[in-house]
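User: I'd like a close look at one part of this structure. Here it is.

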Amino acid sequence: MSTATTTAVTTPVMPARPWLTTAIIFAALLTVPVWLPMLGGYTALAGRVLVLGLAAMSFNLLLGFTGVMSFGHAAYFGLGAYGAGLTLKYIAPSTPLAMVGGVLLGGILGSLFGRLIAQRRGVYFAMVTVAFGQIAFYVTYSWDSLTGGYDGLRGFSRAPLNLGFTTIDITNNSTYFYYFLLFVFAVATGLQALLLASPFGRTLVAIRENERRARFLGIPIERHIWMSFSISCCFTALAGALYALLNNFADPMGLHYSLSGEIVIMTVMGGMRAFWGPLIGAALFVVLQDYISSMTVNWMSFVGLIFVLVVLFFPRGLLGMLQKGTEK
Amino acid sequence: MSMLDIRNVTKQFGSLVAVNSVSMQVAAGELRAIIGPNGAGKTTFFNMISGFFSPTAGDIVFDGTTVTKLAVAERVAMGMARTFQITEIFPELTVRENIRIGVESALGLRQRFWIGAAQKAAVNRGIDEALILTGLTVNADRLVGELSHGDQRAAEIATALTLKPRLLLLDEPTAGMGEHETYAVANLIRRLHKNSAYTIVLIEHDMRVVFNLADKITVLGEGKMLAEGTPDEIAANPIVQEAYLGKAE
Amino acid sequence: MLQLVLYNVTNGLIIGAFYVLMALGLSLILNLSNVINFAHGNFLALGGYIAFVLTPFLGYWGALIVSPLITALFGFAIERLMIRRVYSRDPVYSLLLTFGLAFIMQDACRYIWGPSGLQTSIPDILSAPLSADLFFITWYRIFMVALVIAAVSGLFAFLRFTRVGIRIRAGTLDLDTVSILGVNVGMLRSLNFAVGSLLAGLAGVLAAGQVGLNPNMGDDLLMPSFIAIIVGGVGSLTGTLCGGLLIGVAGALTTVFWPAASEAVIYVIMLVVLILRPRGLMGQEGMMS
């Protein structure tokens with residue numbers, strides 16, 4: 001486990017003005033349907049940002065707040081997507097149930113696997129998580145009859161929300177669907193914020209900061225890392241479920257380790273020590289990727305270049321740098 | 001009955017015998033210092049007491065319970081706390097947050113996702129208590145990583161104290177400190193011992209600290225127990241002088 | 001039936017040999033520098049492409065020797081220019097760096113040599129089969145296995161008998177002490193990275209003769225190599241060697257009896273090892289944590 005002595009990159013735990021950042025972010029997100037078209041964007045792009053932002057923030061519960069590096073989080077994202085898709089296709093045309101299905105599939109498998117690896121650290125943890133992620137990818141990819149194999153899972157679509165007194169048409173109205181995504185995003189990140197502010201959340205930061213000290217304060221490290229991993233997987237799977245709802249499609253590439261790497265780079269780009277960092281990183285990454293892939297067929301090089309440049313020159317990420325700036 | 005009863009513990013690493021059948025009894029409320037030249041096996045001995053690893057042979061009895069094979073967390077739960085030669089703290093958190101994590105763990109709240117106002121108040125009381133006891137109140141909201149060596153050590157001790165330990169193990173509490181800081185930390189330990197009646201076992205290199213603070217001293221050399229006694233007895237012991245100064249020929 | 005089994009065991013050994021070359025290089029870098037080289041498969045592809053470019057000038061044999069050396073030089077440069085900058089940081093940065101590098105190298109190969117596969121030629125004497133009954137065992141395959149055995153023996157001899165090799169092994173166990181003893185750890189890591197790249201480059205040249213060239217030819221080998229390391233035990237090169245051969249042969253044998261599961265079996269082996277023997281077949285206690 002890295003402590004500040006081995007990490008050249010140090011940032012404070014809480015931003016200087018947490019409420020201000022949160023207020024700005026939600027103000028921007030709530031008004032997306034107003035300003036995004038003016039900039040030439042489309043609402044589905046904002047949906048992608050929310051979904052991948054939620055995935056990155058969920059991942060960051062591990063990387064940024066527990067100090068544990070999973071490199072296979074795409075697996076839980078993808079499992080969440082398939083869980084939602086399969087629920088809609090085979091069980092019931094209910095959007096909330098689809099989300100539950102996604103979270104259960106990703107969360108349970110993540111939790112089982114987490115049990116096996118909680119005593120591993122550092123790059124070894126990363127390596128085993130990558131390998132496990134590829135198992136999930138491989139199974140999804142090969143189980144043709146259930147998952148549609150290489151072509152992905154189709155033949156389902158999100159259902160209108162029935163609130164009892166009224167029904168919201170999130171199926172055809174993309175603005176309604178965007179606000180539905182935003183609502184789920186707000187609830188999920190709110191829960192994450194509460195989690196991090198709880199005694200349990202503090203033990204995670206303690207483990208990140210100094211595993212030995214945490215152990216000698218009586219904190220059962222392996223157990224807490226396992227819990228953190230499981231919680232992180234549940235939230236990541238929720239993001240995956242939303243992704244399936246967004247596209248009405250679940251793609252085996254959604255489990256591939258290249259997406260895991262992208263989730264990590266979004267997190268680092270935005271700032272892994274800042275609560276909202278991964279969301280900002282996801283926004284930057286999604287927009288850049290969208291732009292670059294429309295400009296050149298060699299978008300992969302540019303994405304790779306983003307990785308290299310961020311690592312070499314902006315390791316703190318955007319919010320990390322801003323926070324450091326306001327402190328001085 | 002003694003608080004800590006160590007019976008003939010031995011630790012072997014491969015063919016190296018780091019600690020060779022050492023016994024030691026520490027009474028409740030006692031301050032025991034362990035001294036010895038480098039490589040005497042002090043830290044290995046300490047690590048066996050705190051549960052870092054188990055002895056190859058022998059037994060460790062803590063407050064009437066055999067803890068020889070128990071894991072760190074279980075010993076902590078029984079009331080054993082320790083600090084390290086190289087200060088182990090949460091550097092990017094404030095002093096208050098460092099202590100808070102300890103208090104919450106000690107109050108059994110560490111797996112709670114939510115705590116009520118009463119429990120929050122209890123936690124805050126615990127934090128203030130530890131801050132006052134260690135004289136860190138003025139620095140409470142600074143990042144521990146930014147404090148001086150001596151204050152970092154005090155913060156580490158404060159964090160350990162949140163566990164309300166019945167046995168406090170301090171591994172070279174004044175290591176790498178200047179004159180002033182050594183004095184301050186030694187004073188803190190004295191206060192804990194005299195005013196708050198903590199049972200303390202410490203390893204220490206600074207002989208002035210040892211002879212000023214300790215009720216009894218255990219001397220290790222090459223993994224074996226060389227001598228045990230009050231500071232006066234140890235000062236007069238020819239074996240100890242030989243171990244430290246070499247044969248006076 | 002016997003012929004089928006033999007056919008698949010041969011295939012398994014050859015696939016295993018590639019896993020071993022890849023995984024040993026990865027393992028060397030992982031052990032000494034604590035870096036997972038996600039671009040390792042792209043070093044393999046690079047080795048293949050460089051040989052393809054050199055063959056018209058140097059002939060097959062010349063390219064076989066020179067291409068891995070150029071790959072090694074490239075690895076050395078990459079380590080010096082980029083990877084060494086992140087050693088002192090959280091390990092997440094080195095992973096992201098090699099991850100990005102993999103994207104760039106793959107795209108560069110596609111840009112330079114085109115997205116579709118290229119066929120490479122091998123000398124006629126190597127392409128003949130051993131006999132009519134054993135049509136699947138060509139001289140090329142025997143030559144390949146022999147060369148892999150030679151390379152692996154060479155690596156172990158290098159680590160055992162040369163000064164640099166001994167230092168690499170010592171550094172794997174305790175880098176601090178090695179650096180206190182006055183060894184230039186920075187240079188040691190660069191050389192070590194170069195040796196890892198050399199093995200990948202060699203694997204690339206050999207694979208090109210077997211399956212041709214394409215920009216993502218190394219990708220399919222990367223994950224099995226990780227698994228070879230996990231199964232063999234992190235920290236043990238002998239373990240990596242056995243792990244690679246084991247999953248190669250196990251995969252091929254499964255093809256005989258249950259073709260659909262041939263890829264799954266290596267993942268099953270990994271899970272079984274993780275559950276029953278978390279440190280791997282030959283890993284030391286505590287190395288994985």
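Which strands of chain B does helix 1 (residues 42-50) of chain B lie across, and at about what angle does it run to strand 2 of chain B?

Analyst: Helix 1 of chain B lies across strand 1, strand 2 and strand 4 of chain B, and runs at about 60° to strand 2. Before the rest, some ground rules. This is a predicted model, with local features needing pLDDT of at least 70 and side-chain atom pairs counting only at pLDDT 80 or more, while totals for chains, interfaces and linings use all residues. Residues are numbered from 1 along each chain as its sequence is written, and chains are lettered from A and ligands numbered from 1 in the order in which they are written.

Helices (H or I, at least four residues) and strands (E, at least two) are DSSP runs, numbered from the N terminus. Contact needs C-beta atoms, placed from the backbone, within 7 Å. Axes are lines fitted to C-alpha atoms, for helices over the stretch in contact, with angles from 0 to 180 degrees between N-to-C directions.

Now the sheet in chain B: four strands form an open sheet in the order 2-1-4-5, with antiparallel pairing. Its edge strands are strand 2 (16-27) and strand 5 (65-66) of chain B, each pairing on one side only. Two strands pair if DSSP finds at least two bridges between them; strand 1 (residues 2-13) and strand 4 (residues 57-62) of chain B are joined in the antiparallel sense over five bridges. In strand 4 of chain B, D59(B) is the residue that R7(B) stands opposite.

Definitions and conventions:
Contact = placed C-beta atoms within 7 Å.
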